[in-house]
Amino acid sequence: MSSVNDRIKQIRDKFCNGDNAEFAEILGVSPQYASNISNAGKHVGTKTLNKILKLFPSVSPIWLKMGEGDMIKQEPVSQNIVVGNSKGVAINSEGANIMVNEPAEEYYNRQKQIELLKEKVKDLERLLEEKERTIQLLMKKS
């Protein structure tokens, strides 16, 4: 299984054609920091991972954080898309501009899939909370 650093590097390669300066600009961090988080063995905090997921909404959170499944989600996000050059600029639900390296229609379809996955994640989180409560109750009984 790849490390979180390897997965961040894959995101940089896919969405920024390996351009570390562009990746850093999108993240709003220094090029050195962007390089560091894609080097094996470097710690990457939850705040940074969540920021990457917010800025690259087609990336699967499960893939990024745990290395499971595919990099790209099978869901869509926003309808407010403006296309320019070979890249599109999308305005996500929080009103943030994000760069995408795919045609607007594909991006829109992925965004719809993302909304569906978000609902699934919420359901799974509720299920996990129930399971954790059950485990705690069983541990108290032992």
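## Reading a predicted helical chain

Me: Arg126 and Asp123: which helix holds them, and how many residues apart are they?
Reply: This is a predicted model. Arg126 and Asp123 both sit in helix H6, three residues apart, about one turn of the helix. Side chains of opposite charge can pair when their charged atoms come close. Here Arg126 and Asp123 form a salt bridge, with the closest N and O atoms 2.2 Å apart.

Me: How many salt bridges does a search of the whole structure find?
Reply: Three. One of them joins Glu115 and Lys118, at 3.6 Å between the closest N and O atoms. Glu115 and Lys118 also lie in H6, three residues apart. Glu115 is partly exposed at 33%, and Lys118 is partly exposed at 35%.

Me: Which residue forms a salt bridge with Arg12?
Reply: Asp13 does, with the closest N and O atoms 3.9 Å apart. The salt-bridge cut-off is 4 Å, so this pair counts. Arg12 is buried, with a relative accessible area of 10%. Asp13 is partly exposed at 37%. Arg12 belongs to helix H1, residues 4-16. The side chain of Arg12 also makes a 3.1 Å polar contact with that of Ser38.

Me: Which residues form the negative surface patch?
Reply: Patch members need over 30% relative accessible area and no salt bridge. Glu125, Glu129, Glu130 and Glu132 form the negative patch. Glu125 lies in H6, residues 104-141. Its relative accessibility is 44%, so Glu125 counts as partly exposed.

Me: What is the phi of Asn17?
Reply: Most residues other than glycine have a negative phi. Asn17 has a positive one, near 50 degrees. The loop between H1 and helix H2 holds Asn17. Asn17 is exposed, at 65% relative accessibility. A glycine case follows just after H2: Gly28 takes a positive phi of about 75 degrees.

Me: What caps the N-terminal end of H2, and which residues of H2 are buried?
Reply: Asp19 is the cap. A side-chain oxygen of Asp19 lies 3.0 Å from the backbone nitrogen of Ala21. The buried residues of H2 are Asn20, Glu22, Phe23, Ala24 and Leu27.

Me: What pattern does the protein chain follow along the sequence?
Reply: The pattern is α-α-α-α-α-β-β-β-α. That gives six helices and three strands. Of its 142 residues, 32% count as buried.

Note on methods: Residues are numbered from 1 along each chain as its sequence is written. This is a predicted model: local features need pLDDT of at least 70, side-chain atom pairs count only at pLDDT 80 or more; totals for chains, interfaces and linings use all residues. Side-chain values use heavy atoms; hydrogens and water are left out. Patches are made of residues with over 30% relative accessible area and no salt bridge: like charges are joined within 9 Å, nonpolar side chains (Val, Leu, Ile, Met, Phe, Trp, Tyr) within 5 Å. Accessible areas come from the Shrake-Rupley method with a 1.4 Å probe; for residues, only the protein chains shown count as cover. A salt bridge is a side-chain nitrogen of Lys or Arg within 4 Å of a carboxyl oxygen of Asp or Glu. Lys and Arg count as positive and Asp and Glu as negative; His and the chain ends are not counted. The place of a charge is taken as NZ of Lys, CZ of Arg, CG of Asp or CD of Glu. Helices (H or I, at least four residues) and strands (E, at least two) are DSSP runs, numbered from the N terminus. Buried means under 20% relative accessible area, exposed over 50%, partly exposed in between (1.4 Å probe, protein chains only). A polar contact is a pair of N or O atoms within 3.5 Å; within protein, one must be able to donate a hydrogen and the other to accept it, and residues adjacent in sequence count only if both atoms are side-chain atoms.
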